[in-house]
Amino acid sequence: DDPEAKLSPSWDGTSVWITSLRQEGSSKLLIEGEARDAADLSEFVKRMRASARFVQVSNARFENKQQGKRDGELSYVTFTMTAYVRYWD
């Protein structure tokens, strides 16, 4: 019912990269990664929350980064978040 929670049908999942995935206990996941921008990270979090496989998906803490020379800088975000696995296949 929340229009802000609607998933974007045109989202490209290759814009988010998971750089570290650690399991704590039987179901807690610690996720670190990078994304093209905050909008892509937001879509990733929405999709994790919409999945039947995950619960208690945290808000991602993120930081804007830049790499490269001034005229050709590459902007991206790094993030950390947690989620719990509802069930494993």
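These are my notebook entries on what I looked up in this predicted model.

**Entry 1: ground rules**

I noted that the model is predicted, that local features need pLDDT of at least 70, that side-chain atom pairs count only at pLDDT 80 or more, and that totals for chains, interfaces and linings use all residues. Residues are numbered from 1 along each chain as its sequence is written, and side-chain values use heavy atoms, with hydrogens and water left out.

**Entry 2: the overall layout**

I looked up the secondary structure and found one helix and five strands. Helices (H or I, at least four residues) and strands (E, at least two) are DSSP runs, numbered from the N terminus. From that end, the order of the elements is β-β-α-β-β-β. I then recorded that the C-alpha atoms fill a box of roughly 45 × 35 × 20 Å along the principal axes.

I also looked up contacts, meaning heavy atoms within 4.5 Å. Among those between residues at least 6 apart in sequence, 56% join residues at least 24 apart.

**Entry 3: surface and charge**

The accessible surface comes to about 6400 Å², and 48% of this belongs to carbon and sulfur atoms. Such areas come from the Shrake-Rupley method with a 1.4 Å probe; for residues, only the protein chains shown count as cover. Of the 89 residues, 27% are buried. Buried means under 20% relative accessible area, exposed over 50%, and partly exposed in between (1.4 Å probe, protein chains only).

I recorded 13 positive and 14 negative side chains, with the centres of the two sets 3 Å apart. Here Lys and Arg count as positive and Asp and Glu as negative, while His and the chain ends are not counted. Each charge is placed at NZ of Lys, CZ of Arg, CG of Asp or CD of Glu.

**Entry 4: the nonpolar core**

I looked up the largest nonpolar core, which has 17 residues. Such a core is a set of buried Ala, Val, Leu, Ile, Met, Phe, Trp, Tyr and Cys residues joined through side-chain atoms within 4.5 Å. Those with the most contacts inside this core include Leu-41, Phe-44, Phe-54 and Phe-79. The elements that give two or more residues to this core are β2 (28–35), α1 (38–50) and β5 (74–85). Strand β5 gives the most, with five residues.

I then followed Phe-54. Leaving aside neighbours within four places in sequence, Phe-54 is in contact with Leu-29, Met-48, Ala-83, Tyr-84, Val-85 and Arg-86.

Val-85 lies in strand β5. Val-85 counts as buried because its relative accessibility is 10%. Beyond four places in sequence, Val-85 is in contact with Ser-27, Leu-29, Arg-53 and Phe-54. The C-alpha atoms of Val-85 and Gln-67 are separated by 34 Å, although these residues are 18 apart along the chain.

Lys-65 is in strand β4 (residues 61–67). Not counting residues up to four places away, Lys-65 touches Leu-74, Ser-75, Tyr-76 and Thr-78. Lys-65 and Phe-54 are 11 residues apart in sequence and 28 Å apart in space, C-alpha to C-alpha.

Gln-56 lies in the loop between β3 (54–55) and β4. Gln-56 has a positive phi of about 50° although it is not a glycine. Most residues other than glycine have a negative phi. Gln-56 counts as exposed, at 58% relative accessibility.

Ser-20 is in strand β1 (residues 16–24). With a relative accessible area of 19%, Ser-20 is buried. Its side chain makes a polar contact with the side chain of Arg-22 (3.2 Å).

The side chain of Ser-15 makes a polar contact with that of Asp-40 (3.2 Å).

Thr-14 is also found in the segment before β1. At 55% relative accessibility, Thr-14 counts as exposed. The side chain of Thr-14 makes a polar contact with the side chain of Asp-12 (2.8 Å).

Conventions. Polar contact = N/O pair within 3.5 Å; in protein donor to acceptor, adjacent residues only side chain to side chain.
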